[in-house]
Amino acid sequence: MMSVLLSVLAPLCVLQSVQYHSPAGVEYRAQRDTGAIARAESALAADPRNINRIIALGVAQSGVRQYQEAIVTFTRGLEIAPNNALLYRWRGHRYLSTRQLDKAMDDLTRGARLDSTIYGIWYHLGIVRFARRDFAGAVNAFTRALPIAPDSAERSGATDWLWMSLSRAGRGAEAQALLDRHPDTPPGGNAYVQRLRLYRGEVSPDSVFTPADTSDIQIATLSYGIGNWYLVRGDTARARAWFERSVASGGWPAFGFIMSEVELRKR
């Protein structure tokens, strides 16, 4: 009776699947499905070989950080359609989320060979290359991504990552020229817009955060951007403090969190 009671009272977060163990030994879990996964599973059950429905299920799983489950779903799709570039785009993204960088690189590279017009392939390939310290390769990927960004928010993101990649590759003049061209206009409403304002000298590092920036993903993303800005300027102490803040946010799926882990391991 007591064991039944304890299971009922256990926090819901503890019941969710483990997705990632950090280098620091922290265990990160998925969130609880609020209905999207159940609906996607029901739709797929009615047409189990429908690739669009398979992708929809994987996206729904990803929406609650069930990335390991999403990888299984996209793999199921690839067993049906082994040359579907979108499936490689999505599975590669989720390999990235779970820090399986070699597998992410393989999927995204194959996806790019199958269809070079998919923005998400080039964008996430750039992220993987950046995480592997291949800054020149990241420049190439984000240069391919930026002109085909589907909306202003994605243009801001691609501009931000291209600036960071150029800066880390030692190509500061090109990075400044990118900012001067304003390829992210009109700006999207996301954390990258706030980071770009810092790069352009429109705000100070202490003014990047707004009162609305409270989510774990937002804190991780903004903190990494500020830390990288300090790193490019040679201030490694302040950079490290911001990387530590990014990781302390708990927003483990954020690319800024992933990169902060990489930076902290290197220092």
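**Ala43**

I started with Ala43 and found it in helix H2, residues 36–46. My helices (H or I, at least four residues) and strands (E, at least two) are DSSP runs, numbered from the N terminus. This is a predicted model, where local features need pLDDT of at least 70, side-chain atom pairs count only at pLDDT 80 or more, and totals for chains, interfaces and linings use all residues. Residues are numbered from 1 along each chain as its sequence is written, and side-chain values use heavy atoms, with hydrogens and water left out.

Is Ala43 buried or exposed, or in between? I noted a relative accessible area of 30%, so Ala43 is partly exposed. For these labels, buried means under 20% relative accessible area, exposed over 50%, and partly exposed in between, with a 1.4 Å probe and protein chains only. I also looked up Ala43 against Trp252: they are 209 residues apart in sequence, and C-alpha to C-alpha they are 30 Å apart in space.

**Whole chain**

I counted 14 helices and 2 strands in the protein chain. The radius of gyration is 19 Å, which agrees with the value near 18 Å that a compact globule of 267 residues would have. That radius is taken over C-alpha atoms, and the globule rule is 2.2 Å times the number of residues to the power 0.38. Along the principal axes, the C-alpha atoms fill a box of roughly 60 × 50 × 30 Å.

Buried residues make up 51% of the 267 residues. I then checked contacts (heavy atoms within 4.5 Å). Of those between residues at least 6 apart in sequence, 56% join residues at least 24 apart.

**Aromatic pairs**

A pair of aromatic rings is described by the distance of the centres and the angle of the planes. My rule pairs rings of Phe, Tyr and Trp (its six-membered ring) if their centres lie within 6.5 Å; planes under 30 degrees apart count as stacked, over 60 as edge-to-face and the rest as tilted. By this rule I get 17 aromatic pairs.

I looked at Phe74 and Trp90, whose ring centres are 6.3 Å apart with planes at 25 degrees, so this pair is stacked. Phe74 sits in helix H4 (residues 67–80) and Trp90 in helix H5 (residues 85–97), so the pair ties together parts 16 residues apart in sequence. Phe74 is buried at a relative accessible area of 0%, and Trp90 also counts as buried, at 19%.

Next came Tyr123 and Phe255, a tilted pair with 6.4 Å centre to centre and 50 degrees between the planes. Tyr123 belongs to helix H7 (residues 119–131) and Phe255 to helix H14 (residues 255–266), so here the parts tied together are 132 residues apart in sequence. Both came out buried: Tyr123 has a relative accessible area of 5% and Phe255 has 12%. Tyr123 and Phe255 also belong to one aromatic cluster, whose members include Trp161, Tyr224 and Phe243.

**Asn84**

Where is Asn84? I found Asn84 in the loop between H4 and H5. Not counting residues up to four places away in sequence, Asn84 touches Ile51, Leu78 and Leu114. Its C-alpha atom is separated by 7.7 Å from that of Gly111, 27 residues apart along the chain.

Most residues other than glycine have a negative phi, and most peptide bonds are trans. I listed the exceptions I came across.

- The peptide bond from Thr185 to Pro186 is cis, with omega near -5 degrees; Pro186 is in the loop between helix H10 (172–181) and helix H11 (191–199).
- Arg99 has a positive phi near 65 degrees; Arg99 is in the loop between H5 and helix H6 (101–114) and is buried at 18% relative accessible area.
- Arg133 has a positive phi of about 70 degrees; Arg133 lies in the loop between H7 and helix H8 (135–145) and counts as partly exposed at 28% relative accessibility.

**Leu222**

I finished on Leu222, in helix H12 (residues 216–232). At 0% relative accessibility, Leu222 counts as buried. Which residues does Leu222 touch, not counting residues up to four places away in sequence? My list has Ala191, Gln194, Arg195, Val208, Phe209 and Asp213. The C-alpha atoms of Leu222 and Asn190, 32 residues apart along the chain, are separated by 10.0 Å.
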